[in-house]
Amino acid sequence: MTRGTTHQWTWAALLAALALLLGLAPAMAYGQPPDPAPRQAAQTLTWTAGDDITRYASAPATAVAGKATLVFENSAATGNTMGMPHTLTFDTSDPEYNQDVTLHILANPGDAQGGKHTAEVTLTPGRYRYHCTIPGHTAMQGVLVVTDGGGSDSTPPDTSAKLTGEQNADGAYVGSATATLAASDAGSGVSTIEYALDAAAYQPYTTPVLVDTPGTHHLRYRATDKAGNAAPEKTVDFTVVAPPTGDTTPPETSAGLTGAKNSDGDYLNRATVTLTATDAGSGVGKTEYALDGGPYLAYTAPVVVDRTGRHTVAHRATDKAGNTSPARTVSFTIAEGGGVPAPDCAEWDERLTVIIGTVNTGIPNRITRNRCTINELIEDEKDWSSQALFLKHVRGVTDALRTDGVVDDREYEAVNKAARQSGIGTPGQHTGYRDLFDGTQKSFAAWEHVGGGAFSRTADGLMTSSSTVPGMGMLWYPRRTYDNFSLKLQFRDDAPGTGNANSGVFVRFPGVHDHTEEPRPEWVAIKYGHEIQILDRPDGDMYKTGSVYGFDRVGLGGAGVTPKGTWNDYEIRVVDQHYSVYRNGVLLNEFDNTGGQDFSPPRADDPGTDGRRYASGYLGLQVHSETDVISYRNIRIQEL
């Protein structure tokens, strides 16, 4: 190519590029073939909030799949005249909604961005649920529907129903009929399938519907895809008749309890439940039991219950003619001191729902056949060298649980999806939790007490404050400081009588001995660290459980209060200067430890947040007085 030709080519390229920028030429690379399909233009989606704590001031309803800029503004310009904080959080815990975008923006008019924040995300077809996580603001929520790049999915799913069962010459089903529903959608995919039997309301379809009540039945069903298109309602009518047998009497069941008891009649260590069923007609077909409101499981051997607390076992039986006995129950209490945790449970986790890492599936954390909860079997606090190993482990656990009937197909998929979303085993997330107190004397001896009051280790492996030694003090862990961390523990309010214990967890405070400003060691944590409050008392101190004492108040209604004497899971996550507090898996509070905040109500020599903005610090547990008796156990930490 000659030099003149080179100049001509260069000018042509520049002119083509300029024309493209001015919109005067097709969008293609100069000297290259056009893209096979144009990419979806970037989109900006904006949410706003103001003084109202029941709804967002404005929010988008629809979007298209692809990259998007999300804007959340909570400022004076959007109607916030009170400095009210709000969050924009995408829900990743409900399998009914997309869970591939993790978004949590905390905004208030006084923050560094003036209340206006942006985030870059990639949206996929389906539905995203968003909400505000500030306690008392949970009515602020909505759903964003995302269609494919062309927004072309306007077709509802196809639905069908199939009835199976033994039929007589008239076409009626003998004994029972099973309705299996199906839905398909070639566009955005099926989101939900619902059904309603006879006069009942619609409910989610998860497993085939068994109908064994004699009579004529009317089944309605429908489905919705991820783009929000609803299929028209379809119906199927059928009749169920009683089996041609004279046996219409259900079996009789009974439960026997065995085990050593204390003077109060409570079982020590464990109780064994033995069920019996008899049927003088066609004979017993199967016997089932359900522990503490869980699903019914096949009864094949006596059931051993060894977890401390009150338990209820429901039992029933079905004979070979299809007659099922009414459920009967037996209740009993396992006294403190026995079988905690169960010998074959790798972890101790009695939170209400199945939570993997930080992903809450919303599925009940049921006790399984081997007496461990689902969370305990998943072992998300273990060291996992790779994500593949962790996912393989979870798949094996859920395979067994589905076979045993502990989880259904929908729950099976939701747990495995949460395992993938948790990121456990990926680089930076393979290190599990380290025990700071595991119930042994050796782990208790690593802690040091300062100030008034006292803690002691009980025979049951608990860390319990004294009911006889007066004064306020602290048990702290002097072995090392922690930077960013997730601290997990369990606490129980053991205050005498009808009172409630006042306690708290201190974090990010400096060394307590020989402090230049505060000679009282226990007050070093009070003045130069943050106390994460524990108090469920309906009156008295305004700072309740979940509060960052003196700075960020949680009222009783937002504290997640449980009955006194109940064990509670407590997690405190501190990343840089952002604090998050969870109780039983539910986020109670978030706090940004920015400078310039004063302690409230005012305390004469308190330094405010300016004196508490350490990048690392120690941990401690408060004893408030001899009447504020509280117990702790299973204290562990993960560095983030």
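D148 is partly exposed, with a relative accessible area of 27%, where partly exposed lies between buried (under 20% relative accessible area) and exposed (over 50%), for a 1.4 Å probe and protein chains only. The model is predicted, and local features need pLDDT of at least 70, side-chain atom pairs count only at pLDDT 80 or more, and totals for chains, interfaces and linings use all residues. Residues are numbered from 1 along each chain as its sequence is written, and side-chain values use heavy atoms, with hydrogens and water left out.

**Surroundings of D148**
- D148 lies in the loop between strands β8 (141-147) and β9 (158-164); helices (H or I, at least four residues) and strands (E, at least two) are DSSP runs, numbered from the N terminus.
- Leaving aside neighbours within four places in sequence, D148 is in contact (heavy atoms within 4.5 Å) with V64, A65, P125 and D153.
- D148 and D539 are 391 residues apart in sequence, and their C-alpha atoms are 53 Å apart in space.

- A615 is exposed, at a relative accessible area of 58%, and belongs to the loop between β36 (586-592) and β37 (617-623).
- Not counting residues up to four places away in sequence, A615 touches Y482, D483, R508 and Q577.
- The C-alpha atoms of A615 and V575 are separated by 9.2 Å, although these residues are 40 residues apart along the chain.
- N634, in strand β38 (residues 630-639), is buried, with a relative accessible area of 17%.
- With residues up to four places away in sequence not counted, N634 touches W348, F437, K488, L489 and Q490.

**Helix α6**
- Helix α6 (residues 521-528) is mostly covered, as seven of its eight residues are buried.
- The buried residues of α6 are E522, W523, V524, A525, I526, K527 and Y528.
- These buried residues pack against β27 (448-451), β30 (473-482), β32 (503-509) and β33 (530-534).

**The second largest pocket**
- The second largest pocket has a volume of about 910 Å³; a pocket is an open set of points, on a 1 Å grid over the protein atoms alone, where a 1.4 Å probe fits, with protein on both sides within 12 Å along at least five of seven lines.
- Of its 24 lining residues (those with an atom within 4 Å of a point), L210, D212, K286, R316 and T324 are the closest to the centre.
- Strands β19 (284-291) and β22 (309-319) each supply at least two residues of this lining.

How values were computed:
Points joined across faces, edges and corners; volume = space filled by probe spheres on them.
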